[in-house]
Structure formats: structure tokens, C-alpha cells
Amino acid sequence: MTIIKEVASKERSKVVCYWFMFFFPEFNVVHPDSAKILMKSSEPKSIGFGGAYGMMKSWLGDGLLISSGKKWERNRRLITPAFHFGILKPYVDIYNSSTDKFLNNLKEFAATNKPVDVFPLVSLETLDTILRCAFSYEGKIQTEGLKHPYVAAVSRLAHLLAERWLQPWLYWDTLYYITPKGREYRKLCQYVHDFSEGVIRERQQTFLTDGPPSNRHLDFLDILLTAKDDKGVGLSFDDIRAEVDTFLFEGHDTTASAISWAIYHLGKHQKEQDIVYSELSELLNNNKQVSWENLQTMPKLTAFIKESMRMIAPVPGVNRQLTSPMTIDNVTIPAGLVVDMGIYMLHHHPDVWPEHDVIKLKIFTRRHCRATPIQFPTIRSRIKKLHWSTLCNG
Ligand code: HEM
């Protein structure tokens, strides 16, 4: 990533090409003009050899993150109610109580005055939140931590996946699955699938005994179990499990990364920290619980979080595999090749962000906002109108 950033910055390139493992040419779109062409296409995700999505398939199945084409379109339509902004409103109490538990866990470290790696604690908090919001699952995630077998399994799977990405010789499935780590990965996948199946079956049982939910708030699992297409056909059991696994992973790992980096940036930038702190003190006025209305009136904190996600994109890139040749910036890329969209680079391209390595709250305040969805794809709500509307509720 550093090399791509250097090349793009020095040469002001819109596409950077390099040889991956000496044999595979990879194209990286790093400028809004070139990214737009890829984002407007409906090319599928790369699931072939070395494809990032393909490697996650044995864990996440054919859920929204990995599927493409007709399957993605149908399931996305069925699950769209789950992405509605309003669905978040009843969850504010859960956010408050999850955050209280997180702060409690942090207190222990505050007393020691020593540095603390916040990521594992934030991950527990986001996993707890997504399990409670989307699946109404009330486990002791934050108190048990890695002692909770599901937490331990998800955390280890994410670690093994990241390790594999950095070891191209393990991209061959056959080779990977005979290594001890590959076998461990498989075993853990089986465990998390069993866990998700248990959660699904329990809810199916509730439907059988109590009927479908009528007067309570619908969570993500209810939406999955009740969704029907025009022909009255719902999602298969495997589809539901894939979406559950996808939501659990996508919903906690990305947010954990975004929050951890925001905490890091707050610590590093005292002036901005003071600005955000005084905004919140004034707004909350010693009230420890944040309300839905409060969330709409935190412009400085919102700008800070967006700036933090611009500095370090929680998902640094996504990619697509071409099914037909594509011309980008006068280069025709043949069918079959993988094109990466370097989200991190898009957030740092000097043509768009002249002082890209400096945190500036003004960039994202209403009066000064000049970021378009293509320049700042991390925020999906602004990208909705594009055909490639797979960026989530980030
Ligand atoms: C800071 C937070 C987040 C960031 C930066 C982020 C980023 C992304 C990106 C870049 C993609 C596109 C992947 C691709 O098309 O190749 C994506 C897809 C997705 N994300 Fe997120 N995400 C975040 C939070 C969440 C949360 C909280 C959930 C669920 C509760 C979620 C669920 C999904 C799903 C289901 C998809 C696949 C959507 C589709 O293709 O229709 N994400 N996310």
C-alpha cells in the first residue's frame, strides 16, 4: 500500500499496475475518475485463485459480501429493509449499555497508566452490539471475552484469514487445508456455522410456538426469516446462515477497526480532542445516556470520525474480477483480471486531498464538505445511487 501511495502521489496516476507474485498483473484504481468506472460496472467479486472474497467463502458462504449477479440482486432486494436507517433507532439503548460495559473494561487499564491495545476491547463491544441488535442474542460477550467460545473462534478466524492473505503460497485451497492452520480454520468455520445455525433454529422455534413477530421490533434475523420475493419464495436455510455469518463478521470487525482508529486519532490530536470533548459536554450536560436525537446533533464528532476513516480506511480496498475488457484512463484491462479499488488511496490522492496526511475537521463540516461519494467511498449512504451499491451502512 505504501508503494502504491508513493507512485500515485509522485506521478499523480489514476491507475497503478503491479505484478502480484511476479505472474499476475493487478490494477489498482486510486483516483475518483478511475474508481467511478469500476464502481459503475456490475463486475463480480474476485472469488478465483487468490481472490480475497474467495478465501472468505468457506466461512461467510454466499452472503451479500461475496455473492454477485442475480443471486446478489435477489437477496439484496429481500434484505434491503435491514439496511434502512430508521431500523437503528430502537437500538440506541443497546449502544448505551454496550458502551458502558466497554468503558468498565477500559477502567481497569486506566488505573495502571500504561498503554493499552484498545482493538480487542472494542471488538468485544462491537460484537456484543451486533449480536444484541441484529439477533437479540444476550450472551456475556464483554465479560467473558475470549473465554466465550464464539468470540474466541471469530477472533481466531479473522487472524488466520489476515495471515493467509499475506502468504500467497497458501492461496491454493488444497495446499492451505492440509496445513495445521488450514485445518484449524476449517474446524473453526464448522464451529461458527453450528453457532449461527443454533441461533437461527431457536428463532424458528419461537416462530412455531409464538407465531411470527407482530408487536415487537423486527431484528435482522426476523427480516431474514420472513423475507419473500414476488413469487412468495423466501431465503433458503443456507442463504440465511450465510447472511447471519456475513452480518456478524462485517458488522463487528469493520466498526471495531473504525472506532479503534478514531480513539487513536483522538489521542494523537489534542486540539481536535478538545473540540470534540467540549461539543459532547455541552450537548450531554452530564447525562450519561446518549439519545437518538443527540446522535443527529454532534457535527464535530461526526466530522472527526469521518476524518479518522479518511486517514485510515477500515476496509482499505475492495476488488472486482473483469468479465469483459474495461478501459480505464486509456488502459484497456483484459477480461479475467482483478481490478482493486484502493479506498485508502482514494482518501489520500493529492489531486483531491492536497494535505491528505493532516487531520482537518473542516473537510467534513457541512459548510466546507467537498467530498463526493467517489472521493470518499467509505460512507455508503452517499453512494447508494450508483449501480455498485454494495458499500454498507458505514
Ligand atoms: C465503519 C464501518 C463499516 C465499513 C467501513 C464497511 C465497509 C464495507 C465495504 C467497503 C463494503 C463493500 C465490499 C464490496 O463490495 O466488496 C461493505 C459491504 C457490506 N457490509 Fe460493511 N462496513 C461497515 C460496517 C458494516 C456494518 C455495521 C454492517 C452490518 C451490520 C455491514 C454489513 C455489510 C454487508 C452485509 C455488506 C455486503 C453488502 C452488499 O454487497 O450488498 N457493514 N462494507
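Predicted model: local features only at pLDDT ≥ 70, side-chain atom pairs only at ≥ 80, totals over all residues.

Strands of a sheet pair through backbone hydrogen bonds, in either a parallel or an antiparallel arrangement. Here, 4 strands form an open sheet with mixed pairing, in the order 1-2-6-3. Strand 1 (15-20) and strand 3 (317-321) each have a single partner strand and stand at the edges, so one side of each is left without a neighbour in the sheet. On average, neighbouring strands of this sheet are turned by 25 degrees against each other, direction ignored.

Strand 2 also pairs with strand 6 (residues 338-342), in the parallel sense and over 3 bridges. Within this pairing, Val29 has Met341 of strand 6 as its bridge partner.

## Packing of helices 13 and 15

Two packed helices are described by the angle between their axes and by the distance between the axes. For helix 13 (residues 270-284) and helix 15 (residues 299-311), the axes come within 8 Å and cross at roughly 145 degrees.

Helix 13 contributes Glu272, Ile275, Val276, Glu279 and Leu280 to the contact, while helix 15 contributes Lys300, Leu301 and Phe304. Classified by residue type, the contact of helix 13 with helix 15 contains 5 nonpolar and 3 charged residues, with no polar ones.

## Lys45 in its loop

Where is Lys45 found? Lys45 lies in the loop between helix 2 (32-40) and helix 3 (52-60). Is Lys45 buried or exposed? Lys45 counts as buried, because 22 C-beta neighbours lie inside 10 Å, and the threshold for a buried residue is 20 or more.

Leaving aside residues up to four places away in sequence, Lys45 touches Tyr53, Ile66, Ser68 and Arg320. Lys45 and Ser257 are 212 residues apart in sequence, and their C-alpha atoms are 23 Å apart in space.

Definitions and conventions: Residues numbered from 1 in each chain as written. Pairing = 2+ DSSP bridges. Helix = DSSP H or I, 4+ residues; strand = E, 2+ residues; numbered from the N terminus. Axes fitted to C-alpha atoms, helices over the stretch in contact; angles between N-to-C directions. Contact = placed C-beta atoms within 7 Å. Nonpolar A, V, L, I, M, F, W, Y, C, P; charged D, E, K, R; others polar. Buried ≥ 20, exposed ≤ 12 C-beta atoms within 10 Å, placed from the backbone.
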